[in-house]
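Let's walk through this one together, one feature at a time. Have the viewer open and ask away.

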Amino acid sequence: METNTNTNTVQNQQERKPSVVLVVIVIVLAIATIVLGYKYYTESKALTETTEEKAILEDVKSDLEKQLRDMIVEYDSLKTNNDSVNDLLIQEQEKITRLLRMQASDAEKIRKYQAELETLRKVMRDYIVQIDSLNTRNRILAEENIQVRQKLTSAEEQNVALSTEKEMLSTQVELASILSAKNIVVEPERGNDKSTNKVKNVEQIKVCFTVRENPIAEAGAKDVYLRIIRPDELILPTDGQDTFEMNGEQVIYSAQRQLEYENNDIDMCIYWTKNADLIAGNYTVILYAEGYEIGSSSFELK
């Protein structure tokens, strides 16, 4: 009986041994599955995070590049008439262009990108302040220039007005100082000093008149010229075809006489002795002194 009992025990132990091994194998496989699963999960997660990080970095880079390109346009808008300032702005644009060529593919390079962008923005702000200050100064100078020009124009206008007024006063004084003749009487005469209006009988023409008083005129010797104009516009000349100056030209006169003027009325006569043919019709007599006409009259011969 005891022998049978031992035999059953050995048999039972032999039957339980494969079962334990199988359990161990299952446990090992389970652990391996868990380890592999965890490793796969970890690697997948890391790969996903890396892809997402790259996408984020690419977005950040794209945004930074856009900001840099916008800065180039902003620098264009800051350019002024000052060549020195424009040169500095161009240099900053070139820095931005070089930065855009940089291949920023990782976080460290992106941070450098951002740092450079911030530096460029600070520089731009400084330029904006300087240009605003320059524009303000230019505007002030332009306003001052306009004021100076307005004052200069006003002064020139005043000078012109004063010159014009002076010229007018001078002209008025000059005109006021011109002599004038009144009571002009023309008498064609025969040889015996008797008046006649017959063409064939006239030997001389006497013109008598009064030079008016003029306190403004300069006193002294004055040459008075007589011009007698025939009906056909011919000037009756002196024997020597003498001339005098009037309005910058030399003109023929008929007779001349000098008077001593003392600013008071003075009577005088001028004679033209016949030395040219006379014709019937209306004649004009004009008196001149100091280059100006001082009086006129007319007469008729038949």
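**Reading the fold**

Q: In what order do the elements of the protein chain run from the N terminus on?
A: They go α-α-α-β-β-β-β-β-β-β-β-β-β, with 3 helices and 10 strands in the protein chain. Helices (H or I, at least four residues) and strands (E, at least two) are DSSP runs, numbered from the N terminus. Keep in mind that this is a predicted model, where local features need pLDDT of at least 70, side-chain atom pairs count only at pLDDT 80 or more, and totals for chains, interfaces and linings use all residues. Residues are numbered from 1 along each chain as its sequence is written, and side-chain values use heavy atoms, with hydrogens and water left out.

Q: How much of the protein chain do buried residues make up?
A: Buried means under 20% relative accessible area, exposed over 50%, and partly exposed in between, using a 1.4 Å probe and protein chains only. Here, buried residues are 27% of the 302 residues. For contacts, meaning heavy atoms within 4.5 Å, take the pairs at least 6 apart in sequence: 67% of them join residues at least 24 apart.

Q: Which residues touch the most other members of the largest nonpolar core?
A: A nonpolar core is a set of buried Ala, Val, Leu, Ile, Met, Phe, Trp, Tyr and Cys residues joined through side-chain atoms within 4.5 Å. In this case the largest one has 29 residues, and Ile205, Val207, Phe209, Ile228 and Leu287 touch the most other members. Strands that each supply at least two residues of this core include strand 1 (181-189), strand 2 (204-211), strand 3 (220-229), strand 8 (266-273) and strand 9 (281-289). Apart from it lies another core of 9 residues, among them Ile229, Ile235, Met246 and Tyr288.

Q: What does isoleucine 205 touch?
A: Leaving out residues up to four places away in sequence, its contacts include Val186, Ile228, Leu236, Trp272 and Phe299.

Q: Where is the disulfide, and how many does a search of the whole structure find?
A: A disulfide is a covalent bond between the sulfur atoms of two cysteines; the cut-off used is a pair of cysteine sulfur atoms within 2.5 Å. The search finds 1, formed by cysteine 208 and cysteine 269 with their sulfur atoms 1.9 Å apart. The pair links distant parts of the chain, with cysteine 208 in strand 2 and cysteine 269 in strand 8, 61 residues apart. The torsion about the S-S bond is about 110°, so the disulfide is right-handed. Cysteine 208 is buried, because its relative accessible area is 18%.

Q: Why is strand 9 described as largely enclosed by the rest of the structure?
A: Because 7 of its 9 residues are buried. Strand 9 pairs with strand 3 in the antiparallel sense over 6 bridges, where valine 224 stands opposite alanine 289. Strand 9 also runs antiparallel to strand 10, joined by 9 bridges, with asparagine 282 opposite glutamate 300. Strand 9 and strand 10 form a hairpin with 2 residues between them, and glutamate 290 in the turn has a positive phi of about 55°.

Q: Is lysine 222 buried or exposed?
A: Lysine 222 counts as buried, because its relative accessibility is 4%. Lysine 222 sits in strand 3 and touches, among others, Arg257, Tyr261 and Glu290.

Conventions:
Pairing = 2+ DSSP bridges.
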